[in-house]
Amino acid sequence: MESLKKPHDTLRCIGLKIAPPRLRVLERLSQGQHLSAEDIYREMYQTDRDIGMATIYRVLNQFEAAGLALKHNFDNGPAVYELNRGGHHDHMVDVETGAIVEFESKAIEALQHDIASQLGYVLEDRLLVLYVRRPSASASHPQDSNRTLP
Ligand SMILES: [Zn+2]
């Protein structure tokens with residue numbers, strides 16, 4: 001997916017007409033978090049009392065169908081969406097706070113290819129979610145942070 005500096009162009013590029021709800025959902029997703037339809041609805045409702053949940057779901061489904069957004073169904077909450085920025089990353093979900101942490105690990109990527117290969121397959125896609133808990137109370141709870149590991 002290309003740079004999203006021009007939301008109008010992005011929508012046109014995927015064949016969707018420019019409409020205020022689409023632009024606003026796109027702008028919100030562009031901020032780089034994992035958001036549920038309700039998260040987006042609650043924010044948009046602050047400034048647009050006419051917006052409805054059905055509209056938000058419709059826009060998110062259109063974005064997902066066009067490959068503009070990715071939908072995740074983590075175990076502990078509602079489906080969340082993020083902008084598809086290309087490339088691949090995995091997620092950790094803090095089972096206590098619900099915080100979603102993105103990470104990339106070359107070692108895990110290589111291992112997944114190796115496992116598929118050893119069993120006679122070529123890796124087509126992969127989905128890895130780690131459900132985690134901090135060992136003890138900690139002041140630091142990263143929200144939607146991104147970590148690159150070896
Ligand atoms: Zn993510």
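Here are some numbered notes on this predicted model, going from the overall layout to the helix packing and then to a few single residues.

1. Ground rules. Because the model is predicted, local features need pLDDT of at least 70 and side-chain atom pairs count only at pLDDT 80 or more, while totals for chains, interfaces and linings use all residues. Residues are numbered from 1 along each chain as its sequence is written.

2. Overall layout. The protein chain has five helices and six strands; helices (H or I, at least four residues) and strands (E, at least two) are DSSP runs, numbered from the N terminus. Along the sequence the order is α-α-α-α-β-β-β-β-α-β-β. Of the 150 residues in the protein chain, 15% come out as buried. Here a residue is buried if 20 or more other C-beta atoms lie within 10 Å of its own, exposed if 12 or fewer, and partly exposed in between, with C-beta atoms placed from the backbone.

3. Contact range. Two residues are in contact if their C-beta atoms, placed from the backbone, lie within 7 Å. Of the contacts in the protein chain with a separation of 6 or more, 50% come from residues 24 or more positions apart.

4. Which residues of α2 are buried? They are Arg22, Val25, Leu26 and Leu29. These cover an arc of only 100° around the axis, so they sit on the same side of α2; the arc is that of the directions from the helix axis to the C-beta atoms. The cover over the buried residues of α2 includes α1 (7-13), α3, α4, β1 (69-72) and β2 (80-83). On the face turned away from the buried side you'll find the exposed residues Pro20 and Glu27.

5. Glu27 up close. Glu27 belongs to helix α2 and counts as exposed because it has 11 other C-beta atoms within 10 Å. Glu27 and Pro7 are 20 residues apart in sequence, yet their C-alpha atoms are 7.3 Å apart in space.

6. α2 against α4. Two packed helices are described by the angle between their axes and the distance between the axes. For helix α2 (residues 20-29) and helix α4 (residues 53-65), the axes come within 10 Å and cross at roughly 70°. That makes α2 roughly perpendicular to α4. Axes are lines fitted to C-alpha atoms, for helices over the stretch in contact, and angles run from 0 to 180 degrees between N-to-C directions. Angles under 35 degrees count as roughly parallel, over 145 as roughly antiparallel, 65 to 115 as roughly perpendicular and the rest as oblique. The crossing of α2 and α4 is right-handed; a crossing is right-handed if the near helix is turned clockwise from the far one by less than a right angle, and left-handed if anticlockwise.

7. Who meets whom there. Pro21, Arg22 and Val25 on the α2 side meet Thr55, Ile56, Val59 and Leu60 on the α4 side. By class, the residues of this contact split into five nonpolar, one polar and one charged. For the record, Ala, Val, Leu, Ile, Met, Phe, Trp, Tyr, Cys and Pro count as nonpolar, Asp, Glu, Lys and Arg as charged, and the others, Gly among them, as polar.

8. α3 and its buried face. In helix α3 (residues 37-47), the buried residues are Ala37, Ile40 and Met44. Looking down the axis of α3, they fall within an arc of 65°, so they line one face of the helix. The buried residues of α3 pack against α2 and α4.

9. α3 against α4. How do these two helices pack? The angle between α3 and α4 is about 125°, with the axes 9 Å apart, and the two are therefore oblique to each other. The crossing of α3 and α4 is right-handed. Ala37, Ile40 and Tyr41 in α3 meet Met53, Ile56, Tyr57 and Leu60 in α4. The contact has seven nonpolar, no polar and no charged residues.

10. Phe103. This residue lies in strand β4 (residues 100-105). Phe103 counts as partly exposed because it has 16 C-beta neighbours inside 10 Å. Leaving aside neighbours within four places in sequence, Phe103 is in contact with His89, Asp90, Met92, Arg147 and Leu149. Phe103 and His88 are 15 residues apart in sequence and 9.4 Å apart in space, C-alpha to C-alpha.

11. Tyr131. Not counting residues up to four places away in sequence, Tyr131 touches Asp75, Val93 and Val95. Tyr131 and His91 are 40 residues apart in sequence, with 8.6 Å between their C-alpha atoms.
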